[in-house]
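Dear colleague,

Please find below the structure for your review.

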Amino acid sequence: MNLIKNDFKRRLAASEPQIGLWAALADPYVTEVLATAGFDWLLIDNEHAPNDVRSTLAQLQAVAAYASHPVVRPVKSEASTIKQLLDIGAQTLLLPMIDTADQAREAVAATRYPPEGIRGVGSALARASRWNRVPGYLDTAASELCVLVQVETVTGLGNLRAIASVDGVDGVFFGPADLSASMGLLGKPGAPEVRRAICEGIEIVRERGKGAGVLAPDRAFAQEYMDAGATFIAVGTDTGLLSTAAAQLAASYKGREVAPKADRGGY
């Protein structure tokens with residue numbers, strides 16, 4: 001049995017644009033439906049969606065047969081949580097609230113076995129190694145792991161060059177909602193100042209040879225970020241798609257307009 005290859009990581013290194021969707025409904029049946037839609041990657045969210053290790057495992061199993069690559073975001077970037085997600089088979093992690101290069105190094109270390117890192121050795125119990133049926137898993141696992149760190153504060157932007165230079169960081173993802181709040185623009189992720197800061201950040205990350213990503217449900221903003229060099233972009237959320245489509249369908253039978261949502265631009 002061979003180690004599963006991480007094509008998302010390879011395309012990221014080759015600067016191939018990859019379009020993704022946020023999966024926040026925390027249900028394997030829904031996530032499997034999304035996996036048939038043609039997105040390059042799906043974000044299984046544990047930070048702001050009601051997921052846990054078991055529901056994340058079920059979604060990883062549900063999408064395993066499809067081309068969409070699962071990216072998992074833990075509730076926080078800590079070694080114990082990262083260890084569990086890696087053991088259930090996550091190969092790409094999006095780690096939130098990384099403000100310094102030291103935090104980025106700690107995040108990378110949590111994905112590596114000793115002596116390169118601090119990941120606990122429990123492969124005999126792990127889906128990731130197919131319960132030790134993958135020969136040499138302990139020696140080769142890191143080669144197929146992709147570490148994405150999320151910069152979403154003014155402090156993180158100030159340390160961006162150092163964060164993006166950390167060995168083992170494959171990409172930097174910008175969070176417009178938290179970044180806008182940190183900039184004193186709470187609830188305005190699409191504000192010009194926020195978008196300008198993200199575009200400048202994308203350029204810095206790309207100069208260091210790393211992938212740059214962002215969530216941009218607004219098509220115009222998504223194009224702006226792609227033009228700036230972003231290589232992995234989430235262009236919507238399952239919650240947003242369902243909410244909007246349901247409201248539009250109901251309104252179409254009741255002869256009324258759909259009430260506009262709050263400021264666009266991602267979270």
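In this message, two residues are in contact when heavy atoms lie within 4.5 Å. By that criterion, and leaving aside residues up to four places away in sequence, Gln18 touches Phe8, Arg11, Leu12, Asp40, Trp41, Thr231, Phe232 and Ile233. Gln18 belongs to strand β1 (residues 18-23); strands are DSSP runs of E with at least two residues, helices are runs of H or I with at least four, and both are numbered from the N terminus. With a relative accessibility of 1%, Gln18 counts as buried, where buried means under 20% relative accessible area, exposed means over 50%, and partly exposed lies in between (1.4 Å probe, protein chains only).

The basis of the values is as follows. This is a predicted model, in which local features need pLDDT of at least 70 and side-chain atom pairs count only at pLDDT 80 or more, while totals for chains, interfaces and linings use all residues. Residues are numbered from 1 along each chain as its sequence is written, and side-chain values use heavy atoms, with hydrogens and water left out.

Overall architecture

The protein contains 12 helices and 8 strands. Along the principal axes, the C-alpha atoms fill a box of roughly 60 × 40 × 30 Å. Buried residues account for 50% of the 267 residues. Among contacts with a separation of 6 or more, 64% are between residues 24 or more positions apart.

Asp45 lies in strand β2 (residues 41-45) and is buried, its relative accessible area being 1%. The side chains of Asp45 and Arg73 are joined by a polar contact of 2.8 Å. A polar contact is a pair of N or O atoms within 3.5 Å; within protein, one must be able to donate a hydrogen and the other to accept it, and residues adjacent in sequence count only if both atoms are side-chain atoms.

Gln150 is part of strand β5 and is buried at 1% relative accessibility. Its side chain makes a polar contact of 3.1 Å with the side chain of Glu152. The C-alpha atoms of Gln150 and Leu94 are 6.6 Å apart, although 56 residues separate the two along the chain.

Helix α5

Which residues of helix α5 (residues 101-109) are buried? They are Ala101, Ala104, Ala107, Val108 and Ala109. The elements that cover them include α4 (79-87), β4 (92-95), β5 (146-151) and α8 (160-164).

Backbone features to check

Most residues other than glycine have a negative phi, and most peptide bonds are trans.

- Ala26, in the loop between β1 and α2 (28-35), has a positive phi of about 60° and is buried at 19% relative accessibility.
- Met97, in the loop between β4 and α5, has a positive phi of about 55° and is partly exposed, with a relative accessible area of 36%.
- The peptide bond from Pro114 to Pro115 is cis, with omega near 10°; Pro115 lies in the loop between α5 and α6 (137-140).

Yours sincerely
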